[in-house]
Amino acid sequence: MAYTTIDDPTIYFNTVLYTGNFSTQSITGVGFQPDWVWIKERSVSGNHQLQNSVNGTNSKLMSNSTSAEGTDTNYITSFDSDGFSLGANNGNNQSGVSNVAWNWKAGTTSGISGSPSITPSGYSFSQTAGFSIIAYTGNASVGATIPHGLGVAPAVIIFKNRDSSVKWAVYHHKNTSAPETDHLQLNDTTATSDDDSILNDTAPGSSVITMKTSSSVNSNSAKYVAFCFSEIKGYSKHGSYTGNGNTNGTFVYTGFKPAWVMIKRTDGSNGWFIMDNKRLGFNSGTTNSATLGNVELNANTNRSEAEGNTNMMDLLSNGFKCRQSGSDSNTSGGTYIYMAFAHSPFTNSNGVPTNAR
């Protein structure tokens, strides 16, 4: 039975759905002022739009592209107390188009610990939620360090060079038996690569991240952002599993009812598949499940929901269960990493089990 320090996960992560109007509009219902907003058009093909409070409202990245950071005043125009506001644009506010926005809260912008060799240009972190956003400028020095603010070693780090068109680099602590020697690419299907140029074959510590000189993490004078995550019992879990090749698939225990899950096969060329609990029919067995069952979106492609798979997994009271036998999520013997955030803990801080769906 998992106990937690976060009885209401929706104060740190929440998903909202909205329809674009190609005008100004405020998206509410998030429940907090987000520090990272990840938006994807659902009903049409379109690039993922990622904006954060550290780099500012005018700056956007695309998880499905290596492109440098773009500037546009009409995307997210402000981060608000209960969501965010949009301007008139066809990227995340196209008239009549349905969208999903995944929102994370960090929030502390002073007092970060550690003795790094690179001082961040900006940051926002929450040790309670196990999440930080670190902006910094590279120095092309082997062994350069940046702080992460989490107080424990990060389980996941997602890097992007903001100035150049180079790959997103992802560290995951369950990616092989020596994860500090390997990395994945968020914008691509590529399997795990053995590459010491990312983290200098050095595991992240409790206060700093060590890097080498890859253009994805530490080119001289280039601007970067790093999204860092630790595991918080009952709220977030970043683990791995092995597929069984069966529609009665592998069950993955998280200790909470997931609100959001992203998975990637590490030993094969498969995409980054995202499921959440707000888009209609997220479990098989619901009404009209043949057409409404848990449609995935892909962090590495611009495709719409209509182009995705259905009924990939069930989101349960204490984890998730794979429901397909394909290589994307559950091939026999395949290895997968995942990130997951909670809708509600399996057992709250008072030891009381929460309700299943």
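In which loop is Ser-110 found? The legends below take this residue up in the first view.

**View 1. Ser-110 sits in the loop between β9 and β10 (122-126).** The model is predicted: local features need pLDDT of at least 70, side-chain atom pairs count only at pLDDT 80 or more, and totals for chains, interfaces and linings use all residues. Residues are numbered from 1 along each chain as its sequence is written, and side-chain values use heavy atoms, with hydrogens and water left out. Strands are DSSP runs (E, at least two residues), numbered from the N terminus. Ser-110 is exposed, at 51% relative accessibility. Exposed means over 50% relative accessible area, buried under 20%, and partly exposed in between (1.4 Å probe, protein chains only). Not counting residues up to four places away in sequence, Ser-110 touches Tyr-123 and Phe-125. Contact means heavy atoms within 4.5 Å. The C-alpha atoms of Ser-110 and Gly-122 are 9.1 Å apart, with the two residues 12 apart along the chain.

**View 2. The largest nonpolar core has 36 residues.** Such a core is a set of buried Ala, Val, Leu, Ile, Met, Phe, Trp, Tyr and Cys residues joined through side-chain atoms within 4.5 Å. Trp-38, Trp-104, Phe-229 and Trp-260 have the most contacts inside it. Elements that give two or more residues to this core include β3 (36-41), β9 (98-104), β18 (223-229) and β27 (335-345). Apart from it lies another core, of 22 residues, among them Tyr-123, Ile-134, Tyr-136 and Cys-228. Leaving aside neighbours within four places in sequence, the contacts of Phe-229 include Trp-36, Trp-104, Phe-131, Val-156, Ile-158, Met-339 and Phe-341.

**View 3. One cavity of 30 Å³ or more is found in a search of the whole structure.** A cavity is a set of points, on a 1 Å grid over the protein atoms alone, where a 1.4 Å probe fits but cannot get out; lining residues have an atom within 4 Å of a point. Grid points are joined across faces, edges and corners, and a volume is the space filled by probe spheres set on the points. The largest cavity has a volume of about 40 Å³. Its lining consists of Thr-10, Phe-13, Asn-14, Thr-15, Ala-259, Asn-277, Lys-278, Ala-342 and His-343. β1 (13-19) and β27 each give two or more residues to that lining. The largest share, three residues, comes from β1.

**View 4. Thr-254 lies in the loop between β21 (251-253) and β22.** Thr-254 is buried, with a relative accessible area of 7%. A polar atom of its side chain lies 2.8 Å from the backbone oxygen of Phe-256. Beyond neighbours within four places in sequence, Thr-254 is in contact with Lys-237, Asn-318, Gly-319, Phe-320, Tyr-338 and Ala-340.

**View 5. Asn-330 is placed in the loop between β26 (319-322) and β27.** Its relative accessible area is 0%, so Asn-330 is buried. The backbone oxygen of Asn-246 lies 2.8 Å from a polar atom of the Asn-330 side chain. Leaving aside neighbours within four places in sequence, contacts of Asn-330 include Gly-243, Asn-244, Gly-249, Cys-322 and Tyr-336.

**View 6. Asn-200 has a positive phi, near 55°.** Most residues other than glycine have a negative phi. Asn-200 lies in the loop between β16 (193-194) and β17 (208-211). Asn-200 is partly exposed, at 23% relative accessibility. Asp-201 is in the loop between β16 and β17. Phi of Asp-201 is near 55°, also positive. Asp-201 counts as partly exposed, at 36%.

Key
Helix = DSSP H or I, 4+ residues; strand = E, 2+ residues; numbered from the N terminus. 1 Å grid on protein atoms, 1.4 Å probe; cavity = no way out; pocket = protein on both sides within 12 Å on 5 of 7 lines; lining within 4 Å. Polar contact = N/O pair within 3.5 Å; in protein donor to acceptor, adjacent residues only side chain to side chain.
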